[in-house]
Amino acid sequence: MAFLELAGISKQFGTTVAVAEYDLAIEQGAFVSFLGPSGCGKTTTLRMIAGFEQPTTGTIRLDGRDITRQPTNRRNMGVVFQSYALFPNMTVAQNIAFGLQLRKVSRQDRARRVAELLALIGLPEMGGRYPHQLSGGQQQRVALARALAIAPQVLLLDEPLSALDAKIRVSLRNEIRTIQRKLGITTIYVTHDQEEALSLSDRVVVMNAGRVEQVGTPLEIYNTPQTAFVAAFVGTLNVLHATVHDPAAGSVMVAERELTGITAVRTKQRGDAVTITVRPEAIAITSADAANHLRVTVEEVTFLGAIIRVRVRACGQALSFDMLNRPGIVLPTIAESLALAIPGDACIVVEPAAGEIRMPSLATQVQAAAPVG
Amino acid sequence: MRRRLWSWVWLAVGAMYFVIPLGATLQFSLQAKRGEMGFTAYRAAFASPRFVESFGFSLRVAAATILASVLLIVPTAYWVQLRLPRLRPLIEFCTLLPFVVPAVVLVFGLIRSYNRTPLTNSSEGLAVLLVGSYVVLSLPYMYRSVDNGLRAINVATLTEAAQSLGAGWGMILRAVIFPNVFVAILSGAFVTFAIVMGEFTIAFLLAQPGFGPYMNQVSSSKVYEPSALAVVSFALTWASIALLQIVGRRVSGPRLSGGGR
């Protein structure tokens, strides 16, 4: 049985449906991320787990117990907020000890636990400081220590790194993961940053418009997106509109060019319109006589450091592909004509989810919504 | 340069509006003995048992008023901000009513409403009624002050953080909300103190031995003592304001000014 189970959870605010028919089972010790754009219901779901909001329907079970109607202060869940939410009137040590004090832990044990946690978050000398005397990153570390002090059954993190600058975000997220692994604590992490979700999680729940789009490992989410939304939201993606030519051979026509080896179209009928997606890193320059290629014209070359992203136009459709920045690399020039290999096994045929997702206009390249941190 | 000069001129005119009457009162209060300046009037005023009695009474009433309004207003303002933000305009309107309703109307309304109850048929009851009226009088200052204090902190998130750590409502108010709006409470408390110490109408109409009615009574029978008491009353108000500044600066410091370094 799952450690934390959400069954048929929904939440309505007036006539607005924030979360609908949400089912999720989380194993003990897992690190699960809720990923999605603003307003997708990820924070509302987290708040229902924490007990800050009551679900309109459904049940939440923790370790076999129904906690749906249990008040927050009896749930034993640690929460870390985006805005740190440290008590300004208390020192760092008093903040960390607050939950222990409420649990009537003796003064000596409290002091010992506070010292342990301060060491864990790498701020052993900061116990006597007030929150306003710490940097944002330090405050969030203290908030994490405060949440961990009560030995919660579940740790809930609501966009904990969003208020921090890029460098600290990366180092702190690695620290969070290290601490989580060390303590083996079941963790739910809400973020709109796909890089955070993919790099931290055992499993990612991609959400959109109050619904779960896909649940899977970061690799599954990135490599085999199940809906058009997931494909578009996670990573950078090329979208091609094509027509099925020969289902048995997995071949489709993109304008006048034939692409083969796309196994997912085998279930389709000849003449069906399909949406095919392919990651920029899967496309490569090839020779003009190679199979499975598109003739393209270079429109823009963008230097991104380790990689060079090239935007091209093929049969009226825009595409991007990446080149690794190796020594001696020859960059394509604007208006140059190239042949690009589109491997059939890298093409994903996506389905719009429940009619809610509209693919972007004809053959557009869809950029990830979140900045790379 | 010319503009600057005029600024100073207008400031001086404005200051004279306050300073001249006050200076005159002070000077007059020091002239109780013919031909010399001294504190005779002050000594006489302070030596009167009625002074000690009325001053002590007003002090106790002020303390009770502050306590009652803090206990009433902090949880109310907190709850309005946390759960009923839509009611804020209505609550703000109610808190401003004491500015519109004259004290005389208020006191007759109270007497009519509580007539033939323990609140009007004993002196203790009347003192409670007096405290109640002062709580109403101080509402605009206390509520606004506390409400501003609460707006300066993230009430909703701090509450949720405390709840997640296991705190109930009582503990949240006591350990998180009260300490973080302490400066705001102090600010409201000093203004309340100043109002109560000098209030005349309500105390007089409820026949309570307050400092205001005592000053009024003295002014009808003495010459120099009323001026001395007026100066004392002003000094008290100014001391309250000065304390407010000092304590506010020391307690809040940079703490409420923000997060990062």
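How many helices and strands does chain B have? In this predicted model, chain B has 12 helices and zero strands. The C-alpha trace of chain B spans about 70 × 65 × 30 Å along its principal axes. Chain B holds 261 residues, and 33% of them count as buried. Sequence separation is also worth a look here: among contacts in chain B between residues at least 6 apart in sequence, 77% join residues at least 24 apart.

The axes of helix 3 (residues 49–82) and helix 7 of chain B come within 9 Å, and they cross at roughly 100°. That angle makes helix 3 of chain B roughly perpendicular to helix 7 of chain B, because angles from 65 to 115 degrees fall in that class. On the side of helix 3 of chain B, the contact is made by Tyr78(B), Gln81(B) and Leu82(B), while helix 7 of chain B supplies Val155(B), Ala156(B) and Thr159(B). By class, the residues of this contact between helix 3 and helix 7 of chain B divide into four nonpolar, two polar and no charged.

The contact between the chains takes 21 residues from chain B and 24 residues from chain A. On the side of chain B that touches chain A, the elements that give two or more residues are helix 7 (155–164) and helix 8 (169–180) of chain B. Helix 7 of chain B gives the most to that side, with six residues. The side of chain B that touches chain A has nine nonpolar, nine polar and three charged residues.

Arg116(B) lies in the loop between helix 5 (103–113) and helix 6 (123–152) of chain B. Most residues other than glycine have a negative phi. Phi of Arg116(B), however, is near 60°, a positive value in a residue other than glycine. Arg116(B) counts as exposed because it has 7 C-beta neighbours inside 10 Å, and 12 or fewer is the cut-off. Ser123(B), which belongs to helix 6 of chain B, also counts as exposed, with 11 C-beta neighbours inside 10 Å. Ser123(B) and Gly149(B) are 26 residues apart in sequence, and their C-alpha atoms are 36 Å apart in space.

Chain A brings strands into the picture. Six strands of chain A form an open sheet in the order 6-7-8-3-9-10, and the pairing is mixed. Strand 6 (77–80) and strand 10 (211–216) of chain A are the edge strands, each pairing on one side only. Direction ignored, neighbouring strands of this sheet are turned by 15° against each other on average. Strands of a sheet pair through backbone hydrogen bonds, either parallel or antiparallel.

Which way do strand 6 and strand 7 of chain A run, parallel or antiparallel? Strand 6 of chain A runs parallel to strand 7 of chain A, and four bridges join them. Within this pair, Val79(A) has Leu156(A) in strand 7 of chain A as its bridge partner. Strand 7 and strand 8 (residues 186–191) of chain A also pair in the parallel sense, over five bridges. Here Leu155(A) stands opposite Thr187(A) in strand 8 of chain A. From strand 7 of chain A the chain crosses through helix 5 (residues 166–183) of chain A to strand 8 of chain A, and this β-α-β crossover is right-handed. Towards the other end of the order, strand 9 (residues 203–208) and strand 10 of chain A pair in the antiparallel sense over five bridges. Met207(A) stands opposite Val212(A) in strand 10 of chain A.

Strand 7 (residues 154–158) of chain A is mostly covered, with five of its five residues buried. In a regular strand the side chains alternate between the two faces of the sheet. From strand 7 of chain A, Val154(A), Leu156(A) and Asp158(A) point one way, Leu155(A) and Leu157(A) point the other way, and all are buried.

Tyr84(A), finally, lies in the loop between strand 6 and helix 2 (92–102) of chain A. Tyr84(A) has a positive phi of about 70° although it is not a glycine. Tyr84(A) is buried, with 27 other C-beta atoms within 10 Å.

Technical notes:
Residues numbered from 1 in each chain as written. Chains lettered and ligands numbered in written order. Predicted model: local features only at pLDDT ≥ 70, side-chain atom pairs only at ≥ 80, totals over all residues. Contact = placed C-beta atoms within 7 Å. Nonpolar A, V, L, I, M, F, W, Y, C, P; charged D, E, K, R; others polar. Axes fitted to C-alpha atoms, helices over the stretch in contact; angles between N-to-C directions. Parallel < 35°, antiparallel > 145°, perpendicular 65-115°, else oblique. Pairing = 2+ DSSP bridges. Buried ≥ 20, exposed ≤ 12 C-beta atoms within 10 Å, placed from the backbone. Right-handed = clockwise from strand over helix to strand, strands pointing away.
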